[in-house]
Amino acid sequence: QVQLKESGGGSVPPGGSLKLSCTVTGDTYGNYCMVWVRQAPGKEREGVAATYPGTSSDTYYDDSVKGRFTISRDAFTNTMYLQMKSLKPEDSAVYFCAADRGYYPCYSGSWRNPQAFGAWGQGTQVTVSS
């Protein structure tokens, strides 16, 4: 099973940008559906972006972040990224990276409700406020 560690959170004003990183260790990165998840206070965790790096590097986005967030990876450093632009106060949350083995969690859409995913990082706080 992979181990995951996020970094890059912080506090920015509305309209600002942040880039989150997720370092992957312990297994072959390409065997997992990788997802960025966020959890705001009082709300459930929700997937915002996902990718399956194994073959075609398919990417998936929730409508709330489409056009503003970009998920990517660096195969050489086994790192996944989430570039966030045009941030809004409603983007404020703890952001986690999560992983589940295989392609199915990505193309089936289960990444949108990833509570059952097998591997999680510790989370990083993103605050968007003026």
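A salt bridge is taken here as a side-chain nitrogen of Lys or Arg within 4 Å of a carboxyl oxygen of Asp or Glu. In the predicted model, Arg-112 and Asp-62 meet this criterion, with their closest N and O atoms 3.4 Å apart. Arg-112 is partly exposed, at 37% relative accessibility.

Six salt bridges are found in a search of the whole structure. Two of them involve Asp-91. In one, Asp-91 is paired with Arg-38, and the closest N and O atoms are 2.9 Å apart. Because Asp-91 belongs to the loop between strand 8 (79–84) and strand 9, while Arg-38 belongs to strand 4 (residues 32–39), the pair connects parts separated by 53 residues in sequence. Both partners are buried: the relative accessibility is 0% for Asp-91 and 6% for Arg-38.

In the other, Asp-91 is paired with Arg-68, with a distance of 2.7 Å between the closest N and O atoms. This pair also links distant parts of the chain, as Arg-68 lies in the loop between strand 6 and strand 7, 23 residues from Asp-91. Arg-68 counts as buried, at 12% relative accessibility. Through shared partners, salt bridges join Arg-38, Glu-46, Arg-68 and Asp-91 into one network.

Apart from its neighbours within four places in sequence, Arg-101 is in contact with Asp-27, Asn-31 and Tyr-32. Its side chain makes a polar contact of 2.9 Å with the side chain of Asp-27 and another, of 2.8 Å, with that of Tyr-32. The C-alpha atoms of Arg-101 and Val-126 are 27 Å apart, the two residues being separated by 25 positions along the chain.

The nonpolar residues were considered next. In soluble globular proteins, nonpolar side chains tend to be buried together. The largest nonpolar core in the model contains 29 residues, and those with the most contacts inside it are Leu-4, Met-34, Trp-36, Met-80, Leu-82, Met-84 and Tyr-95. Two or more residues of this core come from each of strand 3 (18–25), strand 4, strand 5 (46–52), strand 7, strand 8, strand 9 and strand 11 (124–128). A second, separate core has 11 residues, among them Ala-50, Cys-106, Trp-111 and Phe-117.

Beyond its neighbours within four places in sequence, Tyr-95 has contacts that include Leu-82 and Met-84, as well as Glu-6, Leu-20, Val-37 and Phe-69. Arg-38, a partner of Asp-91 in a salt bridge, is likewise in contact with Tyr-95. Further contacts of Tyr-95 are made with Gly-123, Thr-124 and Val-126.

Four strands form an open sheet in the order 1-3-8-7, and their pairing is antiparallel. Strand 1 (3–7) and strand 7 are the edge strands, each pairing on one side only. From one strand to the next, the twist averages 20 degrees. Strand 7 and strand 8 run antiparallel and are joined by six bridges. Leu-82 of strand 8 stands opposite Ile-71, and Leu-82 is also one of the residues with the most contacts inside the largest nonpolar core.

Terms used
Residues are numbered from 1 along each chain as its sequence is written. This is a predicted model: local features need pLDDT of at least 70, side-chain atom pairs count only at pLDDT 80 or more; totals for chains, interfaces and linings use all residues. Side-chain values use heavy atoms; hydrogens and water are left out. Contact means heavy atoms within 4.5 Å. A polar contact is a pair of N or O atoms within 3.5 Å; within protein, one must be able to donate a hydrogen and the other to accept it, and residues adjacent in sequence count only if both atoms are side-chain atoms. Buried means under 20% relative accessible area, exposed over 50%, partly exposed in between (1.4 Å probe, protein chains only). A nonpolar core is a set of buried Ala, Val, Leu, Ile, Met, Phe, Trp, Tyr and Cys residues joined through side-chain atoms within 4.5 Å. Two strands pair if DSSP finds at least two bridges between them. Axes are lines fitted to C-alpha atoms, for helices over the stretch in contact, and angles run from 0 to 180 degrees between N-to-C directions.
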